[in-house]
Amino acid sequence: MKIVHVVGARPNFMKIAPVMEAFERTGEVDQVLVHTGQHYAEELSKYFFDDLGLPRPDVGLGVGSGSHGIQTGRVMIALEPVIDRERPDWVFTVGDVNSTVAAALVAAKLGIRVAHVEAGLRSGDWTMPEEINRVVTDRLSDALFTTEAAANENLAAEGVREDRVHFVGNVMIDTLERHRERAAGMRVAEGMGLEPGSYLMVTLHRPSNVDDPGRLAALLMALGEVVAGTGHQVLLPLHPRTAMRVKELKLQEFLQPLTTLPPLRYLDFLGLMQDAAAVVTDSGGIQEETTVLGIPCITVRPNTERPVTLTHGTNRLYDGDPHGLLDVVREALLSERSGVRPPLWDGHAAERIAMITLGLGSSGDSALP
Ligand code: UD1
């Protein structure tokens, strides 16, 4: 069996690593790794390959940044000849970024079967570019690997054939389980002179939070209030999108009370997150990681496509006035540091994906619709 895996942005790398490893262990699969280059900065890309033990990409498309149309289009243009040349049995695409949907479109149009890892998640929020990417990718996929029960329900409601959907658990948690001890052993917080439990980890990069000047300013101000009101430091690794917006909008003064950092490597971030008192984020994956680590998480969004993190995990949503964040953080700091591990988030999702894919076989073109 031959598989082409397509990855492009930071959250993709953590998800594909255990999948490639699981296929490798079967000894039955010829794998080709394509990096679209959607994320090209070393902190968002190269270091992740190193930390996760991912093989060097076989093909780099170097598409870089651009508007959604430009970025998605460039991936399609550059990827088509690669898929056409390789003619794999499957194209594996992960998550919900622009590279994900571009890969699905190219493969489906060449009649090659698409497997989507992390299928079926829905926020119901069509203003999120990721929501559009999820829906389109799932519609084009022959094998849909899901992380939680809600995803299966969403796909059933959209009319996706049941035999295409496979509830396998969460590959992001496979990666977390593989690396958490090593990350803890690095004692990153200690190295920065931080007492465990004395700080909050914060990440913000969603367009809905960082593109509107008033919203971004209010959120940064609110984080300053959290520092003053709780006595906890706020560690804020700045995503390039956020850093750029802060500069453009001249909001640097609001960063003064915060401890800003460059985007962190996977192991550094995981190490710091494990010792954090709580996490404030608008990321998707971090909601899942905090659920398994049992760390209180406040997601600064009106919705989540990962409801199991609310019902089983430590996650809560907050979309009110940013100045109310202090009260929500205080409440989270007092809450129990525990949650229930969602079903099948056991570190073995990738093995299930490999077994199921081998079972589906290598013959046959895409059987859509
Ligand atoms: C993308 C994903 C988002 C994911 C996030 C994780 C889409 C639609 N969005 O958002 O789902 O949560 O990655 O990081 O695919 N930039 C750099 N260096 C880089 C990459 C980007 O400086 O290596 C800059 C770009 O020039 C751009 C900004 O960061 O101005 C945003 O990058 P982009 O890839 O468009 O989207 P993200 O916000 O990173």
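Me: Why does Arg341 count as partly exposed?
Reply: Arg341 has a relative accessibility of 39%, and because buried means under 20% relative accessible area, exposed over 50% and partly exposed in between (1.4 Å probe, protein chains only), Arg341 counts as partly exposed. This is a predicted model, in which local features need pLDDT of at least 70 and side-chain atom pairs 80 or more, while totals for chains, interfaces and linings use all residues. Residues are numbered from 1 along each chain as its sequence is written, and side-chain values use heavy atoms, with hydrogens and water left out.

Me: What makes the contact of Arg341 with Glu177 a salt bridge?
Reply: The N to O distance between the side chains of Arg341 and Glu177 is 2.8 Å, and a salt bridge asks for a side-chain nitrogen of Lys or Arg within 4 Å of a carboxyl oxygen of Asp or Glu, so the pair qualifies.

Me: How do you know that Glu288 is buried?
Reply: Glu288 has a relative accessible area of 0%, and is therefore buried. Its salt-bridge partner Arg306, at 2.7 Å from N to O, is also buried, with a relative accessible area of 2%. Both Glu288 and Arg306 belong to a network of salt bridges that also links Lys15, Asp96, Glu118, Glu131, Arg134, Arg301 and Glu305.

Me: Why is Arg161 called partly exposed, and which residue forms a salt bridge with Arg161?
Reply: The relative accessibility of Arg161 is 41%, so Arg161 counts as partly exposed. Asp163 is its partner, with the closest N and O atoms 3.0 Å apart, and the structure holds 31 salt bridges.
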